[in-house]
Amino acid sequence: MTLTTAEKTGARTPEAADVITGARERVDALDDRIIGLIQERMAVSAVIQDARIASGGRRVSLSREMEVLGHYSDALGKPGTPLAMTLLELCRGRI
């Protein structure tokens, strides 16, 4: 059984289905860009960690992580904090 575009999108009109389909394509493209940026951030974080460890420091700077958490919280509100925590975990691993 093949679903119609309206059925796939949950729209009740063909016009709304077209809008939803186009918007979903844009969201998918944005998600691809976000994933690429996260991967880039992970690579840059690895450079920072390597330099910190090589200089005798710790792998993680908790004061810097608090700055990042504050930045995301300020920009995105309450949901920004768990998002930042996930991002930090991706970039440095669990501590």
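E65 is buried, with a relative accessible area of 11%. The model is predicted.

**Helix α3: length and end**
- Helix α3 runs over residues 62–76, which makes 15 residues.
- At 1.5 Å a residue, the helix should span 21 Å.
- G77 follows α3, and its phi is positive, near 80°.

- Three residues of α3 are buried: E65, V68 and L69.
- They cover an arc of only 100° around the axis, so they sit on the same side of α3.
- An α-helix has 3.6 residues a turn, so residues three or four places apart point the same way.
- The other side of α3 holds exposed residues: S63, M66, H71, D74 and A75.
- The cover over the buried residues of α3 includes α2 and α4 (80–92).

**Salt bridges**
- How many salt bridges does the structure hold? There are two.
- One joins the side chains of R64 and E67, at 3.2 Å from N to O.
- R64 and E67 are three residues apart in helix α3, so about one helical turn separates them.
- R64 is partly exposed, with a relative accessible area of 46%.
- E65 forms a salt bridge with R92, and their closest N and O atoms are 2.7 Å apart.
- Is R92 buried or exposed? Its relative accessibility is 10%, so R92 counts as buried.
- The cut-off for buried is under 20% relative accessible area, and E65, at 11%, is buried too.

**Q49 in helix α2**
- Where is Q49 found? Q49 is part of helix α2, which covers residues 14–54.
- Q49 has 12% relative accessibility, so Q49 counts as buried.
- Leaving out residues up to four places away in sequence, Q49 touches R59, C91 and R92.
- One of these contacts, R92, is also the salt-bridge partner of E65.

How values were computed. Residues numbered from 1 in each chain as written. Predicted model: local features only at pLDDT ≥ 70, side-chain atom pairs only at ≥ 80, totals over all residues. Heavy atoms only, no water. Helix = DSSP H or I, 4+ residues; strand = E, 2+ residues; numbered from the N terminus. Buried < 20%, exposed > 50% of the residue type's maximum accessible area, 1.4 Å probe, protein only. Contact = heavy atoms within 4.5 Å. Expected span 1.5 Å × (residues − 1). Arc of directions from axis to C-beta. Salt bridge = Lys/Arg side-chain N within 4 Å of Asp/Glu carboxyl O.
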